[in-house]
Structures are given as structure tokens and as C-alpha cells.
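I record each item in the order in which I examined it.

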Amino acid sequence: MKGQTQSISFDGREIRLTTGRYAPQAGGSVMIECGDTSVLVTATRSSGREGIDFLPLICDYEERLYAAGRIPGSFMRREGRPPERATLISRLIDRPMRPLFPSWLRDDLQVVATCMSLDERVPADVLAVTGASLATLMAGIPFNGPMAAVRVGLLGDDFVLNPSYREIERGDLDLIVAGTPDGVVMVEAGANQLPEQDVIEAIDFGYEAVCELIKAQQSILKDAGIEQVLPSTPEQDSTLPTYLEKNCTKAIGEVLKQFEQTKGERDDKLDAIRTSTAETIQGLKENDPVRAAVNANGKALANHFKALTKKLMRQQIVKDGKRVDGRALDEVRPISAAAGVLPKRVHGSGLFQRGLTQVLSTATLGTPSDAQEMDDLNPNTEKTYLHHYNFPPYSVGETRPMRSPGRREIGHGALAERAIMPVLPAKDTFPYVVRVVSEVLSSNGSTSMGSVCGSTLALMDAGVPLKSPVSGAAMGLIKEGDEVRILTDIQGIEDFLGDMDFKVAGTDKGITALQMDMKMTGLAVNTVADAVNQARPARLHILEKMMEAIDTPRQGLSPHAPRLLSFRIDPELIGTVIGPGGRTIKGITERTNTKIDIEDSGIVTIASHDGAAAEEAQKIIEGLTRKVNEGEMFTGSITRIIPIGAFVEILPGKEGMIHISQLSEARVEKVEDVVKVGDEVTVRVREIDNRGRINLTLRGVPQNGEEAAPEPAPTPVAPLT
């Protein structure tokens with residue numbers, strides 16, 4: 001079946017969009033390709049559900065390992081639960097899509113992106129985001145698009161569009177920008193402590209490319225004769241909203257201006273106003289239109305009351321410059337920080353609190369074998385730094401079943417992980433695998449940035465030599481007409497009722513992570529720049545408070561943390577250390593009670609709770625891999641005796657043999673007449689035969705302070721057997 005293909009080229013890369021060929025029964029479908037990466041994206045709509053007050057949108061990213069020519073490694077040999085990276089890409093599709101659907105839409109919507117082929121030079125995630133937009137438009141779903149996304153990398157001083165996996169790894173920036181004709185709608189970034197201005201320029205650079213992809217989608221729709229279905233708000237009965245505005249505006253406004261109250265007190269007062277209003281409405285005549293509107297829809301009163309509260313809170317910020325807790329727009333909530341709050345059985349811990357948001361983070365140090373193996377399409381097959389985020393129901397004073405981590409928990413953990421990774425020490429200087437767990441104990445906005453701060457405290461308490469400490473702040477935005485107000489350190493109500501959630505993490509040198517989500521159809525790049533710049537003094541203020549708790553990493557590790565020694569050997573000698581069937585390395589681990597990992601590159605890592613045992617294992621391995629030369633002198637112990645000679649351990653784990661003829665100047669009848677097991681002797685390397693065996697001699701070698709005697713001419717001896 002033939003389809004319509006539109007190609008767009010920029011920065012030496014061609015992106016191909018093919019419609020009308022695949023998945024004919026889906027509402028809309030597109031195959032989006034770049035290089036050898038192909039992603040099939042479909043969008044399907046089904047009839048709306050009764051009684052729901054939200055948009056039931058599902059965005060799924062599906063990985064198929066055949067895309068990279070691989071067979072799954074699970075017992076069933078087929079794909080099962082989505083790996084973590086697939087979940088993050090699903091969120092990456094959802095976040096710029098969701099604000100572009102009309103608020104009144106209640107139909108079930110599902111966007112499915114399936115990676116059919118993967119070129120290691122072309123990541124599939126941004127292609128899936130752009131494909132989701134076109135598939136939705138092709139399906140005729142009301143949508144404020146088109147929307148597109150691109151990745152921006154930084155190699156040296158040059159920005160690169162849609163860099164390869166290797167270029168991302170080598171570069172100092174990995175930034176994804178999604179946007180619409182109205183502006184930027186999402187930003188996701190990891191950076192190597194880049195200055196704010198560099199990040200702003202990258203966002204602007206990426207948005208220019210986004211505009212080209214938007215034009216390509218518009219061209220495809222035009223060529224296919226498909227008219228975009230733009231959302232138009234249906235007519236709604238204004239009876240109840242008008243009644244609430246007339247009768248509740250003053251009471252709600254007074255509550256919002258009581259700046260000294262707590263979140264709980266404010267919520268209780270607003271609930272009391274709503275309850276009283278509901279009782280008043282039920283006291284109206286049975287045929288009263290306000291009472292009829294409430295009785296016709298059980299959620300109508302709550303929804304319209306919430307909308308009025310949102311309107312009044314936003315007006316208060318725009319007109320008076322005052323937030324619900326009395327803070328100025330650029331003011332950070334009270335902060336407290338502590339390190340080492342848990343016993344040292346936990347290798348490191350940190351407690352961070354900002355307002356009512358409280359996060360307890362712990363750091364655990366592990367050995368290289370604790371690295372997480374990744375069975376997904378990403379070329380990187382293991383993770384040595386893991387950040388896990390938990391959000392229990394008690395953190396918001398609620399009850400609900402506690403299940404496995406959801407998309408939100410995975411996403412917040414990944415953001416905090418990305419913020420910390422640029423400041424972790426190099427593997428060759430600190431070979432530990434590190435796991436950080438952030439437990440949200442109380443939540444009132446910006447728990448992900450609280451996790452970044454708590455994790456920094458925990459890592460420094462654990463003795464991890466971070467390059468720089470990291471802090472983070474969440475920025476918000478209120479836009480009413482042409483009036484724009486940027487809010488620093490937003491709390492829960494400002495996140496819920498505002499237009500933007502923009503998380504910025506970094507050090508005193510620059511940014512390490514960004515994540516921006518919008519509740520509007522786009523934001524000008526200059527406004528994004530203002531938010532980035534306003535976040536810097538907030539981050540530095542938070543960092544200063546954290547440094548009062550702990551300003552440098554601990555010098556010593558927890559006594560319960562493993563001790564690691566890391567060194568390099570010749571990769572060609574790895575087999576010598578492992579031995580036949582692994583017997584040599586097994587013997588070393590049993591003898592020293594250590595855990596030993598050897599990488600293909602020759603890096604050896606020894607783990608033990610006993611530092612002396614780890615050093616002993618290192619000496620043995622270094623002895624096994626040390627090159628021995630003829631003529632060298634060694635002092636060692638007799639380890640065993642056989643009829644034709646004695647074996648001496650000249651280096652830890654390395655033995656040589658003294659033939660009976662080399663034990664003395666005189667003839668020796670029995671080896672035991674000269675040496676016994678355990679005797680310490682000084683020997684010289686006589687030769688190394690063609691099988692690598694070390695032959696030693698005592699002849700002419702002084703023992704116990706004796707002077708060296710001249711060695712007589714060698715006499716022929718029978719070859720060793």
C-alpha cells in the first residue's frame with residue numbers, strides 16, 4: 001500500500017513522515033523515520049465516558065528488541081513490562097501533548113509509539129513525540145497543534161540537532177525542546193554545569209528547528225486534504241458559575257489573603273465555604289436553576305468552586321504581587337537541612353525540608369557487580385548510579401493502596417538522577433555503584449527538587465567526592481492576557497492552579513538538569529529565559545542553606561560500606577588472574593574473603609569490608625600479572641616440595657621452582673635435606689622456559705646475610721618434566 005511521504009532536512013539530517021500506509025484502522029497513523037530509525041505512531045479516539053471530569057489520555061511507547069536485531073533476555077524470550085527508559089519516553093510524549101487538548105474533552109484517547117527499527121546514531125524518543133502530533137491531527141481529534149520536538153546537543157562550542165547516542169555521551173548538553181506555533185511547550189535537559197545563557201541559547205536554537213517540523217506537518221495535512229480540527233469551547237450553562245462568583249468571591253478572597261495560615265487551615269476554610277454554599281443551594285426552591293445545575297451533576301459545584309478559587313488566586317498574584325502564603329514572587333520558603341540523620345548502617349543520609357515539603361534521602365554504596373543491567377534498546381547496557389523516588393500516600397495526608405512505582409515516581413527519580421550525574425566522581429577514582437532513594441515524607445510542591453537537595457546531602461554524608469553540590473528549585477508562572485508573573489519555589493496550590501511547572505537544578509557553576517511542563521499551548525522563548533535566570537539566585541540561596549548542614553564530603557566511609565580498591569592490569573593477563581575454570585580467582589576470593597570484578601578493559605575492582613584483606617588480594621593479583629625477568633632476585637617461602645625440587649612463592653600468587661640440582665653447590669640427595677615447607681629463602685630467576693614456567697636457583701645466592709659466593713659453571717641437568 002502506498003502512502004504520502006514528506007521529507008524535511010536540517011543540519012545534514014533528513015526526517016521522513018509517511019502517512020496513509022500503515023495501521024489503516026487506527027484513527028491516524030504515521031511512520032516517522034530518520035536514518036535507519038523507524039517509529040510507528042498511532043492515535044485513536046473512542047467515545048467519551050460518563051461521570052469523569054478529566055481527559056483520559058494514554059500515551060505508550062513500545063520497544064521491540066527486534067528493532068536492534070536482538071532477542072529478549074527474559075525467560076519467556078519476549079518483551080514484558082516496559083523498561084524504565086520506555087516509561088520515561090511515554091512521559092516525554094504525554095507531557096507536551098496533554099495541554100494541547102481542549103479542557104472539555106472527555107473521550108478516551110490513546111497514542112501508541114512503537115519503535116520498529118533503531119539506528120544507534122538516531123535516538124527514537126524525539127521522533128515519537130513529533131509523530132504523536134501528526135497522528136493525532138490525522139485522526140481528526142481536536143488538538144491545538146501541530147507540535148514537534150527536537151534534541152539539541154553541545155559539542156565544543158557548537159550546537160548539534162538530533163545528535164547520536166555517542167555525541168550525547170561526549171557532549172555537555174542533552175536538551176529536548178517541544179513546541180507549537182505559539183511557543184515552547186516542554187523542555188527536558190541534562191547539562192554539565194552549563195551557564196544559564198548557554199542553555200537559553202540552546203532552547204532558542206531548538207525551537208527554530210521545531211518550527212520547521214511544524215511546517216512539514218501542516219504541509220502533509222494540506223496535501224492529504226485533511227482540515228485540522230481546532231478546539232472550540234462548547235456553550236456551557238453559566239448559571240452556577242455566576243451564582244458562585246456573586247456569593248463566594250468575597251469569602252474566598254478573604255481566605256486567600258490570610259497569609260499566616262497553614263496549608264491545612266486554608267484548605268479547611270475553603271472546604272467550609274464550599275460546604276456552606278452547597279447547603280444554601282439545596283435550600284433554594286426545587287425548580288431554581290442553580291439547584292438544578294448542582295443536582296444534575298454531582299461534581300459541578302466542586303469543579304466550578306475550584307475554578308473560581310483559581311481565578312481569584314491568579315488575580316491576587318497579578319494585581320497585588322502577593323502569593324497565598326504572603327511571599328514575594330521571587331521568595332523561597334523557609335529551609336532546613338541536615339546530614340547523617342540515620343545510623344551509619346545506612347551509608348549516608350540527608351533530610352531536606354522547604355516549607356511543608358520534606359524529603360529523606362539515603363545513599364548506599366555497592367560494588368561493580370551491583371550495577372543495573374538494562375535490557376532495552378539504548379546502547380548503554382548498565383547503570384552505575386541509580387536514583388529511586390517514593391511518594392507514599394501519607395505524604396499528602398491521604399490513604400490509598402501502595403503499589404509498584406508508577407510513571408510519576410519513575411519520572412521524578414530520573415530527573416533527580418540526571419541532576420546529580422554530572423557531578424559524580426569518575427569511575428577510576430571512585431569505582432562504587434551508588435543507589436540513592438528519596439522518600440517523600442511530606443509534599444507541598446517541588447518534591448523532585450527536594451529529592452535533588454536531599455540526595456546531595458546524603459551523598460556527601462556517605463563520603464562520595466562530588467565535584468560540586470547540587471540544589472534545585474521549581475519555578476511557576478501565571479499568565480493573564482499580556483500580564484506574566486514568574487513565581488519562585490512554587491507550592492502545591494500554585495503548581496495546581498498555575499500555568500507552568502519549571503524545575504531547574506544545578507551547582508554554583510551552572511545548570512545540570514531542566515524539566516519544564518506547560519498547561520498552555522506555548523510560551524515565548526524570552527519568557528522561558530526569564531524563568532531560567534530567576535531560578536539562579538533561588539538555587540544559590542538553597543545551596544547556601546544546605547552547606548550549613550554539610551559543606552564537604554565526609555573523609556571516611558561508613559564502617560558498614562564496602563571498601564573498594566581499583567587498579568588496572570594488562571587485558572591480555574586477565575586469563576592468568578581468572579585461571580582454568582575460574583580456579584585462580586576463586587582461590588583468591590576464598591583466601592582473602594573479598595569480591596573481585598574484572599572488566600574487559602583490565603580494570604580490577606576488589607570489594608571487602610576489611611581494608612587489609614582487599615590490599616592482600618591486590619598484592620596477589622599484581623603478583624600474578626607482574627612480569628618476571630631472568631636474573632631478578634626474590635625472597636619468598638617454600639610452599640611445597642616434590643622429589644625433583646621445591647616451589648617458592650616469589651610474589652603473591654606466583655610461584656617458581658628450584659630444581660634439586662640448584663639447591664646447593666654440592667650434590668643433594670633429598671630436597672628436604674636443604675629446605676622444608678615454610679622456610680624463607682632468597683632466590684634468583686635462572687630462566688623462564690617457553691611455557692612461561694619460572695625456574696629458580698639458590699646457587700650463588702647469599703642467604704641470611706651471607707656474602708655471595710662465585711657461582712660455578714653450570715652443569716647439564718635433565719629437562720623438567
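This is a predicted model: local features need pLDDT of at least 70, side-chain atom pairs count only at pLDDT 80 or more; totals for chains, interfaces and linings use all residues.

**Entry 1: H1 and H9.** On the side of H1, I listed Glu84, Thr87, Leu88, Ser90 and Arg91, which meet Arg407, Arg408, Ile410, Gly411, His412 and Ala414 in H9. H1 spans residues 84–97 and H9 spans residues 407–420. I noted that packed helices are described by the angle between their axes and the distance between the axes. For this pair, the axes come within 10 Å and cross at roughly 100°.

Entry 2: Strand E1 (residues 4–10) is joined to E2 by 7 bridges, and the two run antiparallel. As one example, I found that serine 9 has glutamate 14 in E2 as its bridge partner. E2 also pairs with strand E3 (residues 28–34), again in the antiparallel sense, over 5 bridges. Here leucine 17 has isoleucine 32 in E3 as its bridge partner. I then asked how many of the 7 residues of strand E2 are buried. The count is 5, so E2 (residues 13–19) is largely enclosed by the rest of the structure.

**Entry 3: the buried side of H7.** In helix H7 (residues 289–296), I recorded Val290, Arg291 and Val294 as buried. Seen down the axis of H7, these residues fall within an arc of 95°, so they line one face of the helix.

Entry 4: I next asked which residues of helix H14 (residues 583–592) are buried. They are Ile585, Ile588 and Thr592. They cover an arc of only 55° around the axis, which puts them on the same side of H14. On the face turned away from that buried side, I found the exposed residues Arg583, Lys586, Glu590 and Arg591. The buried residues of H14 pack against helix H13 (574–578), strand E23 (595–598) and helix H15 (611–625). Just after H14, I noted that asparagine 593 has a positive phi of about 55°.

**Entry 5: H14 against H15.** I then looked up how these two helices are placed. Their axes come within 9 Å and cross at roughly 155°. That makes H14 roughly antiparallel to H15, as angles over 145 degrees count as such. The crossing is right-handed. From H14, the residues Thr584, Ile588, Arg591 and Thr592 meet Ala613, Glu616, Ala617, Ile620, Ile621 and Leu624 in H15.

**Entry 6: the barrel.** My last entry concerns 5 strands that close into a barrel, in the order E25-E26-E27-E29-E28, with mixed pairing. Neighbouring strands of this sheet are turned by 55° against each other on average, with direction ignored. Strand E25 (residues 633–642) pairs with strand E28 (residues 680–688) in the antiparallel sense, over 5 bridges. Within that pair, I noted that serine 637 has glutamate 680 in E28 as its bridge partner.

Terms used. Residues are numbered from 1 along each chain as its sequence is written. Side-chain values use heavy atoms; hydrogens and water are left out. Buried means under 20% relative accessible area, exposed over 50%, partly exposed in between (1.4 Å probe, protein chains only). Helices (H or I, at least four residues) and strands (E, at least two) are DSSP runs, numbered from the N terminus. Two strands pair if DSSP finds at least two bridges between them. The arc is that of the directions from the helix axis to the C-beta atoms. Contact means heavy atoms within 4.5 Å. Axes are lines fitted to C-alpha atoms, for helices over the stretch in contact, and angles run from 0 to 180 degrees between N-to-C directions. Angles under 35 degrees count as roughly parallel, over 145 as roughly antiparallel, 65 to 115 as roughly perpendicular and the rest as oblique. A crossing is left-handed if the near helix is turned anticlockwise from the far one by less than a right angle, and right-handed if clockwise.
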